[in-house]
Amino acid sequence: MINGLPGPMATAAAESCLRKGLDLCPVGLTGPTVAAGTVTVRAGGREQAVALRPAAEGALPKVARELRELGPVICVDYTHPTAVLGNTAFYVEHGLPFVMGSTGGDRKAQDELLGGGHMCVIAPNMGKQIVALQLALEKLAADFPGCFDGYALDVAESHQASKADTSGTCLAVVDTLAKLQGPASPPFPPSAIKLVRDRESSLAFGVPESSLSSGHAHHTYRLTSPDGSTRFELQHDVDGRGIYADGTADAVRFLGRQIERGGESRTYTMIDVLEAGALE
């Protein structure tokens, strides 16, 4: 069940699911201001019509009844930060396992809703290669904490103008890099991350013009020594949404296998997906 259509990320995830042989639910939640209708997803020589159900007040019980008639589903959520908690409550109330790539929202409140016992995959970044890089950084921080003591951090990230929040991946990497710094390093609050969202600034940041509207994620992290003589830079640039869509489909497969095997009902991450080898 793809929630967030006809949004570009939800559409990309739906297309990847079709290409990887998964069946799409013929019903999907969409924003309360989106008109009800039908979209057709086509990929890999397959297609599926999906009826959009706006998540307006009073509409969710009807959607829940539809889902009970359709049989077991795994939900994929690429909606909006303001919808994260409401959608999570809906999934929990009706026992729906889900994969959530939507970022933002109150994660602490979401954890309280989940109660530690709901089958789901939640990750700020579904790109498995980027998650592998994050895992390597976490290991580096665990093995050599404070090795960049005194170094100043500078971070900038560019996304399409429609992205409403700071990148969850960026926040996670900054948190890890803070462990590599030490007490002598100047503090770096999340508010210090430079958000690039306008056309001219993104082009100057190195984003191809073709990626301005189709989706991109260009991140640069720079550590500079106290005297300015030494600089380390980590950069990862993604154009398009394919890397996230493919990782999402892999997460759906992973969750399906966990359910089939009677796995633990809890919140999984893309690291769990990587470690399980559930990648295609």
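On a 1 Å grid over the protein atoms alone, a pocket is an open set of points where a 1.4 Å probe fits, with protein on both sides within 12 Å along at least five of seven lines. The largest pocket of this predicted model has a volume of about 700 Å³, a volume being the space filled by probe spheres set on grid points that are joined across faces, edges and corners. Local features need pLDDT of at least 70 and side-chain atom pairs count only at pLDDT 80 or more, while totals for chains, interfaces and linings use all residues. Residues are numbered from 1 along each chain as its sequence is written, and side-chain values use heavy atoms, without hydrogens and water.

**Largest pocket**

- The lining (residues with an atom within 4 Å of a point) comprises 31 residues, of which Met9, Tyr78, Thr103, Gln160 and Lys163 are the closest to the centre.
- Two or more lining residues come from each of helix H1 (8-19), helix H6 (168-180) and strand E10 (216-224); helices (H or I, at least four residues) and strands (E, at least two) are DSSP runs numbered from the N terminus.
- By class, this lining has 10 nonpolar, 18 polar and three charged residues, where Ala, Val, Leu, Ile, Met, Phe, Trp, Tyr, Cys and Pro count as nonpolar, Asp, Glu, Lys and Arg as charged, and the others, Gly among them, as polar.

**Second largest pocket**

- The second largest pocket has a volume of about 500 Å³, and Arg107, Ile122, Ala123, Pro124 and Asn125 lie nearest its centre among 24 lining residues.
- At least two lining residues each are supplied by helix H4 (107-114), helix H5 (128-143), H6 and helix H9 (270-275), with H5 giving the most, four residues.
- The classes here are 11 nonpolar, 10 polar and three charged residues.

**Sheet and packing helix**

- An open sheet with mixed pairing is formed by four strands in the order E9-E8-E10-E11; two strands pair if DSSP finds at least two bridges between them.
- Strand E9 (194-196) and strand E11 (231-239) are the edge strands, each pairing on one side only.
- Strand E8 (residues 152-159) pairs with E10 in the antiparallel sense over eight bridges, and His159 has Ala217 of E10 as its bridge partner.
- H6 packs on the sheet and touches E8, E10 and E11, contact meaning heavy atoms within 4.5 Å.
- The direction of H6 makes about 15 degrees with that of E10; axes are lines fitted to C-alpha atoms, for helices over the stretch in contact, and angles run from 0 to 180 degrees between N-to-C directions.

**Cis peptide bond**

- The peptide bond from Leu5 to Pro6 is cis, with omega near 5 degrees.
- Pro6 is found in the loop between strand E1 (2-3) and H1.
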